[in-house]
Amino acid sequence: MHELKKFMRIPLVALFLLAAAQLPAELFNTQLTQDERERLERGEIVIRHINTVEKICVEPGTSEEIDTIADAMRSTNANYLSEVLWTLPVSANERLTDLAESFFRDMETFREIPYYSEALGKTGPLFSVADLLETETDGAETHSTARFCMEPFEPYLARLYMRKTEHTFVFLHTNTEKIKLAIVRAINKDTMKAGIAIVRDGERWIVYGAGGIRGPKPRLLRKSLEKAFNNRIKDFATFYIQKVQEAESSALPAEHPQDDHGI
């Protein structure tokens, strides 16, 4: 019952020393630079704004959970694309997959994610709407439908997929209808995907997240649109990583209530 207490009690230097072992060489391809690999081995958060599937840094076939996320990005041929990588020692949080499941079951947590808009110069919610419509659990897998809204876009429906075991976790969000900006179609169905995978590798957790969109890139707005999307992925990922880092003394509840606030 006290596993989650350990994280905040371990000195930061000790966490970095525990995380400093070599990463599995076969997991990453040459797109991951040596500097990024070293930062990851030190336990730093590595965010890669790559905007093309050719630069995805994970090697197919080494992890089913990570492949679920990376393959989803490849399937959209995303031209707005970011990856987020992180590692932490298992001793820092032995129940990380339970913690991740509790976060992604809670729709209210989605509405808490802050997003800083450089264009507007202010911070607001990343999702102004995040409502669960229906959900079904079959063993380790959960399939759900939810309605989201990321302003200034109009609300849209999304399919949520989640699978958890003791040593693995995967979550994937996919838009299931076109997303419009005013009356203009901005993003086609099944072309905006975001997800996270957690896998245990020995005494280390490896966290891989990615978000991608296949969308228009008008020449005059290209840089501002890329920055706006990449900042959304960065804010989404860092919010959840901070939630892990800030895990307090209370243990997770034994069961997750199935109501209109959670998956």
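This is a predicted model: local features need pLDDT of at least 70, side-chain atom pairs count only at pLDDT 80 or more; totals for chains, interfaces and linings use all residues.

Guide: Residues are numbered from 1 along each chain as its sequence is written, and side-chain values use heavy atoms, with hydrogens and water left out.

Visitor: How many helices and strands are there in the chain?

Guide: The chain has 7 helices and 12 strands, where helices (H or I, at least four residues) and strands (E, at least two) are DSSP runs numbered from the N terminus.

Visitor: Why is phenylalanine 110 called buried?

Guide: Buried means under 20% relative accessible area, exposed over 50% and partly exposed in between, with a 1.4 Å probe and protein chains only. Phenylalanine 110 has 1% relative accessibility, and therefore counts as buried; phenylalanine 171, at 1%, counts as buried as well. Across the chain, buried residues make up 49% of the 263 residues.

Visitor: What makes phenylalanine 110 and phenylalanine 171 an aromatic pair, and what is the angle between the planes?

Guide: Rings of Phe, Tyr and Trp (its six-membered ring) pair if their centres lie within 6.5 Å, and planes under 30 degrees apart count as stacked, over 60 as edge-to-face and the rest as tilted. By this rule the count comes to 15 aromatic pairs. Phenylalanine 110 and phenylalanine 171 form one with 6.1 Å centre to centre and 45° between the planes, which is the tilted case. Phenylalanine 110 lies in helix α6 (residues 107-112) and phenylalanine 171 in strand β8 (residues 168-175), so the pair ties together parts that are 61 residues apart in sequence.

Visitor: Why is the pair of phenylalanine 110 and tyrosine 240 called edge-to-face?

Guide: Phenylalanine 110 and tyrosine 240 have 70° between the planes, with 6.5 Å centre to centre, and planes over 60 degrees apart are named edge-to-face, so the term applies. With phenylalanine 110 in helix α6 and tyrosine 240 in helix α7 (residues 222-245), the pair ties together parts that are 130 residues apart in sequence. Both phenylalanine 110 and tyrosine 240 are buried, and ring pairs link them into a cluster whose members include Phe103, Phe127, Phe148 and Tyr156.

Visitor: What makes lysine 217 a charge over the face of tyrosine 80?

Guide: A charge sits over a ring if NZ of Lys or CZ of Arg is within 6 Å of the ring centre and within 35 degrees of the ring normal. Lysine 217 lies over the face of tyrosine 80 at 4.6 Å from the ring centre, and arginine 232 lies over the face of tyrosine 115 at 4.3 Å.

Visitor: How do you know that arginine 48 forms a salt bridge with glutamate 36?

Guide: A salt bridge is a side-chain nitrogen of Lys or Arg within 4 Å of a carboxyl oxygen of Asp or Glu. The closest N and O atoms of arginine 48 and glutamate 36 are 3.1 Å apart, and the pair is counted as a salt bridge. This pair links distant parts of the chain, with arginine 48 in strand β1 and glutamate 36 in helix α3 (residues 34-41), 12 residues apart. Arginine 48 and glutamate 36 are both buried.

Visitor: Are arginine 42 and glutamate 44, which meet in a salt bridge, buried or partly exposed?

Guide: The side chains of arginine 42 and glutamate 44 meet at 3.0 Å, N to O. Arginine 42 has 39% relative accessibility and so counts as partly exposed, and glutamate 44, at 28%, is also partly exposed. Salt bridges that share partners join Asp35, Arg39, Arg42 and Glu44 into one network.

Visitor: What makes asparagine 51 and aspartate 190 worth a remark on phi?

Guide: Most residues other than glycine have a negative phi, and most peptide bonds are trans. Asparagine 51 has a positive phi near 60°, and aspartate 190 has a positive phi of about 65° although it is not a glycine. Asparagine 51, in the loop between β1 (46-49) and α4 (64-76), is buried at 16% relative accessible area, whereas aspartate 190 is partly exposed at 29%.

Visitor: Where is the cis peptide bond?

Guide: The cis peptide bond joins glutamate 151 and proline 152, with omega about 15°, and proline 152 is in the loop between β6 (141-149) and β7 (156-164).
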